[in-house]
Amino acid sequence: PFLPIIQKGNNIRKDRKIIFMGKIFFQPKNDDLLSQEELNSCKDNLLSDFSLLDNLNFWSKFKKQNNDVIKFENYRILKTFLREKVILEIIENFKDNFLIYGQNMKDNNIKFMKPIFNLDKVKEIYKGNICVDTGSIMGSLSLYPRSIQILESGGLLIQAKQFDSKFIWGDLSEKVISNNIGSLLSNLDNYLSNTKKCNETLGLIENRFKNSRKNIEESFKKIFYYN
């Protein structure tokens, strides 16, 4: 089971920044995948409703869905495309308060800081900052390696809606999750300007996962000692 084990007493930095780590490019392997024209045609809809990516009706309009491999590749392409557009919107609204670490292979005016591969340094960057996560391109789970790393490092996670968001976050959803670009930008603005709100949310997140270690241990017992 993927659950974060969060140390008590995390606090937000007074000089906090908005942080994103990851890549925002995806190179299709063949011509059967979604075209740039098709991607551009759904940009506004995706920015208005992040959860469209998990809606079967949304996918029915695309003709290039011949098999499961193509479907999965197209999912990865669209999720990466949405990630790129979200990053561009944050840049436009927050400029120098937004730091992006990773790699870029597209001419889209996104200036990346050098990628960080040292885990201790990654944790230092996340700790006490506002950390944006648009979700994994491999699926729609709230808790996966990147988001867990943010939480365990003491970063304030602000995440795009995933398929299991309500289940994972419960009453905290409104404070952590955004389902459209307007909500995401508003959350970032509020947290950037309100230290008290940041620390209150960090405390609520800590409380949400206070039993993680126990839950993980019990799950492993069921797996390895099941009779």
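Modeller: Happy to! Cys198 counts as buried, because its relative accessibility is 0%. Buried means under 20% relative accessible area, exposed over 50%, and partly exposed in between, with a 1.4 Å probe and protein chains only. Before we go on, this is a predicted model, where local features need pLDDT of at least 70, side-chain atom pairs count only at pLDDT 80 or more, and totals for chains, interfaces and linings use all residues. Residues are numbered from 1 along each chain as its sequence is written, and side-chain values use heavy atoms, with hydrogens and water left out.

Biologist: Thanks. And Cys42, buried or exposed?

Modeller: Cys42 is buried, with a relative accessible area of 0%.

Biologist: How many disulfides does the structure hold?

Modeller: It holds 0 disulfides, a disulfide being a pair of cysteine sulfur atoms within 2.5 Å.

Biologist: Which residues sit on which side of β4?

Modeller: Leu156, Ile158 and Ala160 are on one side, with Leu157 and Gln159 on the other, and all are buried. In a regular strand, side chains alternate between the two faces of the sheet.

Biologist: Which strand does β4 pair with in the parallel sense over 2 bridges?

Modeller: That's β5, residues 177-178; two strands pair if DSSP finds at least two bridges between them. Ala160 has Ser178 in β5 as its bridge partner.

Biologist: What do β3, α6 and β4 make together?

Modeller: A right-handed β-α-β unit, with α6 covering residues 145-153. Right-handed means that, with the strands pointing away from the viewer, the path from the first strand over the helix to the second runs clockwise.

Biologist: At what angle do the axes of α5 and α6 cross?

Modeller: Roughly 70 degrees, and the axes of α5 (residues 119-126) and α6 come within 8 Å. That makes α5 roughly perpendicular to α6, a label for angles of 65 to 115 degrees. The axes are lines fitted to C-alpha atoms over the stretch in contact, with angles from 0 to 180 degrees between N-to-C directions.

Biologist: Last one: where is Lys95?

Modeller: Lys95 lies in the loop between α4 (68-94) and β2 (98-103). Its phi is near 40 degrees, a positive value in a residue other than glycine, and Lys95 is exposed at 57% relative accessible area.

Terms used:
Helices (H or I, at least four residues) and strands (E, at least two) are DSSP runs, numbered from the N terminus. Angles under 35 degrees count as roughly parallel, over 145 as roughly antiparallel, 65 to 115 as roughly perpendicular and the rest as oblique.
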